[in-house]
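Biologist: Can you walk me through the charged pairs in this one? Let's look at it together first.

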Amino acid sequence: MPLTEIQTRIDTAAERAGRAPGAVTLIAVSKRQPDDRVQAVLEQGHRVFGENQVQEAARKWPGFRDRFDGVQLHLIGPLQTNKTRQAMDLFDAIHALDRPKLAATLARLAQDRGICPDLFIQVNTGEEPQKAGILPGDADAFIAEARALDLPVRGLMCIPPVDEEPSLHFALLARIAERNGLTGLSMGMSGDFETAVALGATHVRVGSAIFGERISKDRA
Ligand SMILES: *Cc1c(COP(=O)(O)O)cnc(C)c1O
């Protein structure tokens with residue numbers, strides 16, 4: 001689907017929900033996409049992209065950044081503690097703050113560097129054992145812990161279970177954010193971004209709807 005059509009659908013959903021135009025940032029998720037497709041979207045003027053792996057982003061983005069000004073890169077996948085420094089060099093925002101150890105490492109490096117990417121705390125709204133994220137019942141305490149470390153926590157992120165109605169998860173995430181005074185909501189993907197916008201998403205993460213099918217994992 002053309003980028004302009006995705007953007008129009010986002011704007012329409014925002015307007016219907018009575019939200020300000022421009023309230024939603026479209027993160028174009030370029031993970032495991034061929035470079036020519038990513039370049040085409042850059043050439044259309046889009047600058048906000050998401051990757052889910054530090055290594056893949058490190059391979060791909062320095063080159064694009066040399067050729068295109070103003071790229072803003074978001075890490076949307078799990079971050080191993082030993083890659084934290086590299087991730088802080090590459091990314092403008094990290095959407096996968098999901099455990100105390102990572103918070104501590106980010107805080108220590110942020111102190112050294114005097115700068116830290118914007119952070120979103122991932123909440124495992126479906127309480128799925130295989131999925132990363134803070135459990136909803138632990139979220140208030142973890143948000144307080146991250147703030148006590150002086151981390152720039154901008155909001156919350158979730159990935160709803162594939163077989164459940166996403167709106168319940170989006171609404172839960174919005175409630176947790178609201179009661180903690182957080183304004184950022186990273187939620188909504190290709191199949192459900194309009195629902196997410198209706199429920200308050202400030203960042204939608206859309207991959208395949210923009211770029212088409214991804215290259216399979218084993219070839220990436
Ligand atoms: C891959 C990915 C997306 C994009 O998924 P699409 O269905 O291709 O839009 C969004 N969020 C996360 C965390 C992802 O890993």
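Modeller: Start with Glu56 and Lys60, whose side chains form a salt bridge at 3.0 Å, N to O. The term means a side-chain nitrogen of Lys or Arg within 4 Å of a carboxyl oxygen of Asp or Glu. Keep in mind this is a predicted model, where local features need pLDDT of at least 70, side-chain atom pairs count only at pLDDT 80 or more, and totals for chains, interfaces and linings use all residues. Residues are numbered from 1 along each chain as its sequence is written, and side-chain values use heavy atoms, with hydrogens and water left out.

Biologist: Which helix holds Glu56 and Lys60?

Modeller: They sit four residues apart, about one turn of the helix. Helices here are DSSP runs (H or I, at least four residues; strands are E, at least two), numbered from the N terminus. Both residues belong to α3.

Biologist: Is Glu56 buried or exposed?

Modeller: Buried means under 20% relative accessible area, exposed over 50%, partly exposed in between (1.4 Å probe, protein chains only). Glu56 comes out at 5%, so it is buried.

Biologist: Which residue is linked with Glu56 and Lys60 in a network of salt bridges?

Modeller: Lys31 touches Glu56 and Lys60, among others (contact means heavy atoms within 4.5 Å). The salt-bridge network, though, joins Glu56 and Lys60 with Glu51.

Biologist: How far apart are the closest N and O atoms of Arg154 and Asp118?

Modeller: This pair links distant parts of the chain, Arg154 in strand β6 and Asp118 in strand β5, 36 residues apart. Their salt bridge has its closest N and O atoms at 2.8 Å.

Notes. Lists of a residue's contacts leave out its neighbours within four places in sequence.
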